[in-house]
Amino acid sequence: DHGDKPRGSRMGFFVRFLLVSFALAFLASANAAVPTNAKCPVMPTEDAVAEFHAEYQGHTIYFCCEGCVRKFQANPGPYLANLPPAEMSPTVKVELERPRWLRVWEFCERHGPIILAVIAAFLLVLTLQFSRRESRFLKLFAHRSVYLILLLTGACAILWREMEQAREEAATIQNATAQQQAAAEKSQNVQSGKLLQWAWPQGLHELPKGIRNTYYRGNDERSEKLFNGGNYRTATFHLSVLGSTDAEIESGAKVAGQQLRIRLEIVRAPNTAANFFKADQMAEVFLSPLSEGTKGEIYPLTMTEAERRWSVAVPTGQPRAIGYQRIAGVWAVCVGDTKGGVAGAKVHYYIQAIFHIQDGVMLPESTLWMIPVYPSPILHGPHADGQWFSDRPIPEIPDGKNVTDPKLLGVPEKKTKEKSPHD
């Protein structure tokens with residue numbers, strides 16, 4: 001009964017309630033985020049505040065306003081020099097210079113409505129307890145548990161607010177990470193373009209684009225008795241990317257969760273010499289990845305159309321559905337004994353792939369191309385590659401004349417079997 005309790009004890013509850021409330025506020029604010037950099041890196045003359053921040057390479061960087069955050073996320077490079085070095089321990093410096101009572105005040109200010117509501121409810125309960133009106137309803141507020149309930153209610157409300165703020169900060173960090181990944185993607189695209197330009201033979205034409213490309217193998221013997229002076233097509237190479245359903249993947253397609261594979265298809269050109277495409281010779285052609293962890297694996301050709309068409313598919317990776325991903329690899333097209341692998345064979349071509357994938361979608365910057373490695377024993381010079389291996393169509397033989405004579409082809413009859421269609 002409230003009449004049996006002295007007013008001093010009630011005032012004691014009030015004092016203890018306030019002390020506990022401020023103690024909770026003090027402890028909760030003790031771990032509040034403080035800027036690790038005292039000044040904004042975008043506007044070095046302005047002080048950084050904890051409200052505006054972004055993640056960069058595992059570190060939280062603080063700014064003076066939201067506009068500076070966006071500028072930094074779009075292009076962090078120019079502003080990195082304005083950040084203090086790690087050995088200066090800016091966190092400790094800011095912590096020492098900043099009064100703790102100020103952090104408590106900021107915490108109370110952030111949760112002002114909740115704290116005021118709890119205090120108002122407490123004062124209302126206290127007023128009702130001092131009231132002389134007798135009722136069962138008022139007697140309920142005479143118990144000490146009422147103070148504990150009010151305190152726990154306020155603490156839960158503050159905890160909920162802190163959790164909501166943490167979710168908002170996590171969303172901000174996620175957006176900043178996505179923007180950083182986009183910037184990294186652009187940088188990687190530039191690096192991929194430089195690599196492609198460096199590797200692309202001078203004798204070929206335009207740099208390859210996209211993930212489906214076609215190349216042409218030509219004869220390297222030159223004779224007026226041969227069709228077109230010997231400059232004719234012997235084979236066509238088709239490069240493409242397959243998904244889990246064996247369907248070809250196009251740029252812009254969703255590839256998340258699919259096992260991507262690179263397919264090389266070799267098609268014999270019409271009216272070419274059959275002795276260059278014998279079964280035992282084509283059985284010596286295989287692909288082998290050059291990436292770490294996959295070296296030594298062999299993927300031989302499979303004949304899909306008798307004496308005319310062969311193909312092979314090699315796995316490249318399985319894209320994820322969220323975020324940016326770069327899948328790259330190099331494969332050697334070899335001719336020789338498959339049992340010995342790359343070490344026991346000659347590398348004639350390289351196939352290189354660089355796939356840029358964002359949220360499970362194949363981006364148009366992705367590239368798949370093929371370059372010759374084994375030089376022509378007849379043709380020489382910077383443009384020799386473009387004369388017997390080209391990214392543009394080489395004329396096909398309209399009939400079968402003058403394409404089987406070993407002398408015209410520069411190969412003795414007894415060594416015809418030793419020569420591969422890719423030599």
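Predicted model: local features only at pLDDT ≥ 70, side-chain atom pairs only at ≥ 80, totals over all residues.
Local features need pLDDT of at least 70, side-chain atom pairs count only at pLDDT 80 or more, and totals for chains, interfaces and linings use all residues. Residues are numbered from 1 along each chain as its sequence is written, and side-chain values use heavy atoms, with hydrogens and water left out.

Start with the strands, which are DSSP runs (E, at least two residues) numbered from the N terminus, as are helices (H or I, at least four residues). Two strands pair if DSSP finds at least two bridges between them. Six strands form an open sheet in the order S8-S9-S5-S4-S3-S14, with antiparallel pairing. S8 and S14 (389–390) are its edge strands, each pairing on one side only.

Next come the cores. A nonpolar core is a set of buried Ala, Val, Leu, Ile, Met, Phe, Trp, Tyr and Cys residues joined through side-chain atoms within 4.5 Å. Buried means under 20% relative accessible area, exposed over 50%, and partly exposed in between (1.4 Å probe, protein chains only). The largest nonpolar core has 44 residues, and Ile-262, Leu-264, Ile-351, Phe-355 and Met-370 have the most contacts inside it. Strands that supply at least two residues each include S4 (233–242), S5 (260–268) and S11 (345–358). S11 gives the most, with six residues. A second, separate core has 11 residues, among them Phe-52 and Ile-61.

Last are the salt bridges, in which a side-chain nitrogen of Lys or Arg lies within 4 Å of a carboxyl oxygen of Asp or Glu. By this rule there are nine. In one of them, Lys-39 meets Asp-47 at 2.6 Å, N to O. Lys-39 is partly exposed at 39% relative accessibility, and Asp-47 is partly exposed at 48%. Another joins Asp-246 to Arg-261, with the closest N and O atoms 2.3 Å apart. Asp-246 lies in the loop between S4 and S5 and Arg-261 in strand S5, so this pair ties together parts that are 15 residues apart in sequence. Finally, a network of salt bridges links Arg-212, Glu-248, Glu-250 and Arg-263.
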